[in-house]
Amino acid sequence: MKIDQLKLEIERAWKNKTVWSTDSNINKFVIHVMDLLEKGSIRVSELLNGKWRVHEWIKQAIIMYFSIKKMNLIELGPLEFYDKIPIKNKFKEKGIRVVPPAVARYGSYISHGVVLMPSYVNIGAYIGEKTMVDTWATVGSCAQVGSGVHISGGVGIGGVLEPIQASPVIIEDDVFIGSRCILVEGVCIEREAVLGANVVLTATTKIFDVTKEKPMERRGYIPKSSVVIPGAFPKKFPSGIYQVPCALIIGKRKDSTNKKTSLNEALRTHNIVL
């Protein structure tokens, strides 16, 4: 079935929730969408004409998949799971290194050359080639991660299925994300950016570019090649003035710097030590 026709069938089925689990045709369409996601033939969000576009119908299909699937016992040696969604497999054939006990759910796409340390990848996520997902990092549902990205230990990349129109977290190619960073609510990290440890970004987090005499404020995205560290700014509340977390853009990653540079090397360029 062509993608345009599949999209129409999913959108039509979405309007009639009472028959999701009983209509065999709907079941067939939803399973087809999941198979395409699994293979990387489609993705929840993609860059089109310079802008990231969300394919709402694919998120609809994922939600419908949860509805039609039944709970099932999954046994992996001495380990036991009880869930609706199968666990991804055949990593050797796909050229993906997976260190126990890393888990990726069916319906996520993981490209050739990816390394999964003990970590978790949720349904609908997309991970590009040669990306490293380090220990105890999580890649949430529908998150879009590019190629050559380093996701350090303990990083939390948020997921989003609802609202349907909401954008997932997007991390473009060759980004370095420092340990314990939290990225949620559809923030976008543009290519080659470097995030220092403990940077927290939500849709409303203030991001200050402090490389000029006067700071420039933005929200929701980190520009290409930016070097970012956590910061704080004073905010007045009824009970007094308190420091509120923010992010500081302290410089740009230089073209002469190897894309695989360590976080410490990028920060030392700007005289920052964490």
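**View 1. The loop between β5 (97-98) and β6 (103-104) holds P101.** A cis peptide bond, with omega about 0°, joins P100 and P101. Strands are DSSP runs (E, at least two residues), numbered from the N terminus. This is a predicted model: local features need pLDDT of at least 70, side-chain atom pairs count only at pLDDT 80 or more, and totals for chains, interfaces and linings use all residues. Residues are numbered from 1 along each chain as its sequence is written, and side-chain values use heavy atoms, without hydrogens and water.

**View 2. P163 sits in the loop between β15 (156-157) and β16 (170-171).** E162 and P163 are linked by a cis peptide bond. Omega there is about 0°.

**View 3. K130 occupies the loop between β10 (126-127) and β11 (132-133).** Its phi is positive, near 60°, in a residue other than glycine. K130 is exposed, at 65% relative accessible area (buried is under 20%, exposed over 50%, partly exposed in between; 1.4 Å probe, protein chains only).

**View 4. W136 lies in the loop between β11 and β12 (138-139).** W136 is not a glycine, yet has a positive phi of about 60°. W136 is exposed, with 57% relative accessibility. Most residues other than glycine have a negative phi, and most peptide bonds are trans.

**View 5. The largest nonpolar core has 36 residues.** Such a core is a set of buried Ala, Val, Leu, Ile, Met, Phe, Trp, Tyr and Cys residues joined through side-chain atoms within 4.5 Å. V139, I151, I171 and L201 have the most contacts inside it. A second, separate core of 28 residues includes A13, I85, Y106 and L161.

Note on methods. Helix = DSSP H or I, 4+ residues; strand = E, 2+ residues; numbered from the N terminus.
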